[in-house]
Amino acid sequence: MNQKQKINKVKTGLNLYRLIEASGKTRIEIAEYLELESTRVIYDWTSGIKLPSLENLLNLSILFHVSIEDILGA
């Protein structure tokens with residue numbers, strides 16, 4: 001049996017931070033693309049406090065042209 005994997009919020013946040021910086025997009029542009037109420041949740045993701053929902057992960061992967069696995073830190 002394979003060992004169960006856990007998603008590392010801090011690594012995921014760091015991956016997202018790097019993708020955002022490399023993209024040149026602002027957090028406001030990303031929030032608008034994801035139809036978020038504010039940018040606060042993006043800061044929570046990049047600081048490792050929260051993880052994006054599956055829907056947001058999918059849309060972030062589309063926005064940054066990467067796989068979901070490239071975003072998630074396991």
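# Burial, salt bridges and helix faces

Student: Is arginine 27 buried or exposed, and at what relative accessible area?

Tutor: Buried means under 20% relative accessible area, exposed over 50%, and partly exposed in between (1.4 Å probe, protein chains only). Arginine 27 therefore counts as buried, its relative accessible area being 13%.

Student: What kind of model is this?

Tutor: Residues are numbered from 1 along each chain as its sequence is written, and side-chain values use heavy atoms, with hydrogens and water left out. Local features need pLDDT of at least 70, side-chain atom pairs count only at pLDDT 80 or more, and totals for chains, interfaces and linings use all residues, since the model is predicted.

Student: Leaving aside neighbours within four places in sequence, which residues is arginine 27 in contact with?

Tutor: Contact means heavy atoms within 4.5 Å. Once neighbours within four places in sequence are set aside, the residues in contact with arginine 27 are Tyr17, Ile20, Glu21, Thr39, Ile42 and Tyr43.

Student: Which residues of H2 are buried?

Tutor: Helices (H or I, at least four residues) and strands (E, at least two) are DSSP runs, numbered from the N terminus. Helix H2 spans residues 27–34. Its buried members are Arg27, Ile30, Ala31 and Leu34.

Student: Within what arc do the buried residues of H2 fall, seen down the axis?

Tutor: The arc is that of the directions from the helix axis to the C-beta atoms. The buried residues of H2 pack against H1, H3 and H4, while the face turned away from them carries the exposed residues Ile28 and Glu32. The buried residues line one face of H2 because they fall within an arc of 100°.

Student: Which residues make the nonpolar surface patch of about 270 Å²?

Tutor: Patches are made of residues with over 30% relative accessible area and no salt bridge, like charges being joined within 9 Å and nonpolar side chains (Val, Leu, Ile, Met, Phe, Trp, Tyr) within 5 Å. Areas come from the Shrake-Rupley method with a 1.4 Å probe, and for residues, only the protein chains shown count as cover. Tyrosine 33, in H2, is partly exposed at 37% relative accessible area. The patch is made by Tyr33, Leu58 and Ile62.

Student: How many salt bridges does a search of the whole structure find?

Tutor: Another pairs arginine 40 with aspartate 44. For the whole structure, the number of salt bridges found is 3.

Student: What arc do the buried residues of H4 cover around the axis?

Tutor: In H4, the buried residues are Asn56, Leu57, Leu60, Ser61, Leu63 and Phe64. They are on the same side of H4 because they cover an arc of only 160°.

Student: Which helices are included in what covers the buried residues of H4?

Tutor: On the other side of H4, Leu54 and Glu55 are exposed. The cover over the buried residues of H4 includes H1, H2, H3 and H5.

Student: Which residue takes a positive phi of about 60° just after H4?

Tutor: Most residues other than glycine have a negative phi. Just after H2, glutamate 35 has a positive phi of about 60°, and this residue is exposed at 73% relative accessible area. In the loop between H4 and H5, the residue with a positive phi of about 60° is histidine 65.

Technical notes:
A salt bridge is a side-chain nitrogen of Lys or Arg within 4 Å of a carboxyl oxygen of Asp or Glu.
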